Amino acid sequence: MSAHAASHDGHDHSHDDHHHEIPFWKKYIFSTDHKMIGMQYGITAMLFLAFGFYLMMVMRWSIAYPHEPLPEWMSWIFTDNWKARWLLDGKVTGETYNMFGAMHGTIMVFLGIVPLGFGAFGNYVTPLQIGAVDMAFPKLNMFSYWIYLVGGVIMCASFFMESGAAKSGWTNYSPLAGFADGQIVNQWLAGQTQWLLGLVMLITSSLLGSVNFITTIINLRARGMTWMRLPFFVWAMLVTGFLLLLAFPPLEAAGIMQLMDRVAHSSFFMPSGLFTKSDGLADLSGGGSPLLFQHLFWFLGHPEVYVLLLPAIACVAEIIPANTRKPLWGYKSMVYSVLILGFLSFIVWAHHMYMTGMGAAVSTFFQTTTVLISIPSVIIITALLISLWGGSIRFTPPMLWACAFIPMFGIGGLTGLPLAFNLVGLHLHDTYYVIGHFHYVVAPGILFGLFAGVYHWYPKITGRYMSNFLSHVHFWPSLVCMNIIFFPMLTQGMAGFHRRWYNGGDAYLDKATAATADGANVFANTVAQNIDLNIVMSYGAWILAVAQIPFIINLFFSWKTGRKVESDNPWNATTLEWATPTPPGHGNFTFDVAVYRGPYEYSRPDCDKDYYPQWEAPNKPVGGEPDKSADKGHH
């Protein structure tokens, strides 16, 4: 069915909506409109990101100042009862640190970046860019958001349970996660169990979303929107949809199996002969495989990295052409690269598991595929970089973030290359080097791309620009602080600092000066040389938090007080979302959409303006016959 028919279809179904006002709860709360759902996802995800950031700031205090109680400006969020239960004389304990660490990772990845990149930008922009009136399954879209919200609330509410929230790392490995919170009589009320319930709901939400995206992109493209006329953003969303669809079910199965291990005394992941200091030999049916859980987790975990990354690259790939006034360089290479990236991401997962003793042959396979996957990533980043070459660059707020994304993501990728090798893994596994590497990809990389997207599409969503001044006050401290936080981690990691030291290595300082019978304690001396970096990084994190305040002010105040846009296409861009009214109404388009050319037609010599939008019909040839380029079918 063409989008032409779809658009009429859409108007028929929504005929009543044009005649009487939709009630508040249906328009803003249980909305089936992809734009409202995108905004719900965006605001919810940002709230979760803020909470995850807060957990990290508490952890950074514990690492930098292990002997000092949490200051009032950081601990006011907790009740006195909670402090009495989880803080020792006001100081963060190892148990609390583990809880915050596990929940920081979970919240940032599953509740923050995926919903912001895929849920918010994907939902809002994808149907507009392909010329559709909505997603293929609007009610499914609504369910997807509400299941996500409930899953997130379940996970975060577990902080207030007797057991506290999950404490077994964001990866939740068995058998540790199987034993955790074992003292709780009703296992359903244990934080670890609540984490699994929340996870199953989040996965269900993502699966509903991915089915919706794939169907929408394949079936609802406008007349003339052939595959190679799709904006790169839409290609990235299509691949992300397939990654979620294929990678999440194994983890959902693993989550349900681990849930059964906890509440039904099965032993999918619990081996025989487990012995604990407190309980002696564990009373289990046994025979399970802890390694199986790791395989199922990382089979999702690696495609998940690209689920985080692709929406950010997608935003940057839309922003760079619009601000350099030239076509995206190597569009087809980028499309093929993103497809290959999607495929390869399924065959690299065991590079997270070199320490499990998998043997030389299997290690070699995963080392090879891991190095190979850097090739499509480099092609995409190189294409974005060359797109800047010789362009008439406008340094608008979105462009600042997009330009910073490229080197930051580059550092993240380069620091990952050594980790592809199992020999290096022996030394660097579970150190701060690994933390530095993937945070360079995720924080100054992916988050910068998503910030770029917020600044870029904000005028379309609200009809107003964000403040230029506040966006600069947001950008420059964020760029500097991100590097102050994460670069020293690479140094500390190579010195052997472990990611789970809640006191930042403080316990080694006593041994550093005391010589043993065998001479000086070399490792303790190394720790002593690098431990002051903890304080540098922590200050970086706290200043980064302050730097987000201008963004929050900008986001909400510009909604009502920002400078109004002069037209529906304020950036003079070429893709279809700029052909809608501002903000887009119900049904999105006010005309019958047809697409006549590729997505990035900038600075064409045969065109008067420096941009030639996809929807603009070409002049009729001399013979009077209309141009048929939009009628080239796409089915």
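Colleague: What makes Val546, Ile549, Ile552, Ile553, Phe556 and Phe557 a nonpolar patch on the surface?

Modeller: A patch takes residues with over 30% relative accessible area and no salt bridge; like charges are joined within 9 Å, and nonpolar side chains (Val, Leu, Ile, Met, Phe, Trp, Tyr) within 5 Å. These six form such a nonpolar patch, with about 570 Å² of accessible area together. Areas come from the Shrake-Rupley method with a 1.4 Å probe, and for residues only the protein chains shown count as cover. Keep in mind that this is a predicted model: local features need pLDDT of at least 70 and side-chain atom pairs pLDDT 80 or more, while totals for chains, interfaces and linings use all residues. Numbering starts from 1 along each chain as its sequence is written, and side-chain values use heavy atoms, with hydrogens and water left out.

Colleague: Which helix gives the most to the nonpolar patch?

Modeller: That's helix α21, residues 549–561, with five residues. Helices are DSSP runs of H or I with at least four residues, strands are E runs of at least two, and both are numbered from the N terminus. Phe557 sits in helix α21 too.

Colleague: Why does Phe557 count as exposed?

Modeller: Buried means under 20% relative accessible area, exposed over 50%, and partly exposed in between (1.4 Å probe, protein chains only). Phe557 has 53%, so it counts as exposed.

Colleague: How do you know that Lys167 and Asp181 meet in a salt bridge?

Modeller: The rule asks for a side-chain nitrogen of Lys or Arg within 4 Å of a carboxyl oxygen of Asp or Glu. Here the N to O distance is 3.1 Å, and the pair passes. Lys167 lies in the loop between α7 and α8 and Asp181 in the loop between α8 and α9, so the pair ties together parts 14 residues apart in sequence. Lys167 is buried because its relative accessible area is 15%, and Asp181 is buried at 7%. A search of the whole structure finds nine salt bridges.

Colleague: What joins Glu601, Arg604 and Asp606 into one network?

Modeller: Arg604 meets Glu601 at 3.1 Å, N to O. Asp606 forms a salt bridge with Arg604 too, with the closest N and O atoms 2.8 Å apart. At 54% relative accessibility, Asp606 counts as exposed. Salt bridges that share partners join Glu601, Arg604 and Asp606 into that network.

Colleague: On to the rings. How many aromatic pairs does the structure hold?

Modeller: There are 51 aromatic pairs. One of them is Trp401 with Phe451, a tilted pair with 4.8 Å centre to centre and 40° between the planes.

Colleague: Why is the pair of Trp401 and Phe451 called tilted?

Modeller: Rings of Phe, Tyr and Trp (its six-membered ring) pair if their centres lie within 6.5 Å; planes under 30 degrees apart are stacked, over 60 edge-to-face, and the rest tilted. With 4.8 Å the two rings pair, and 40° makes them tilted. Trp401 lies in helix α14 and Phe451 in helix α16, so the pair ties together parts 50 residues apart in sequence. Trp401 is buried at 0%, and Phe451 is buried at 13%.

Colleague: What makes Tyr508 and Phe523 edge-to-face?

Modeller: Their planes are 85° apart, and the centres are 5.1 Å apart. Tyr508 is in the loop between α17 and α18, and Phe523 is in helix α19, 15 residues apart. Tyr508 counts as partly exposed at 25%, and Phe523 is partly exposed at 31%.
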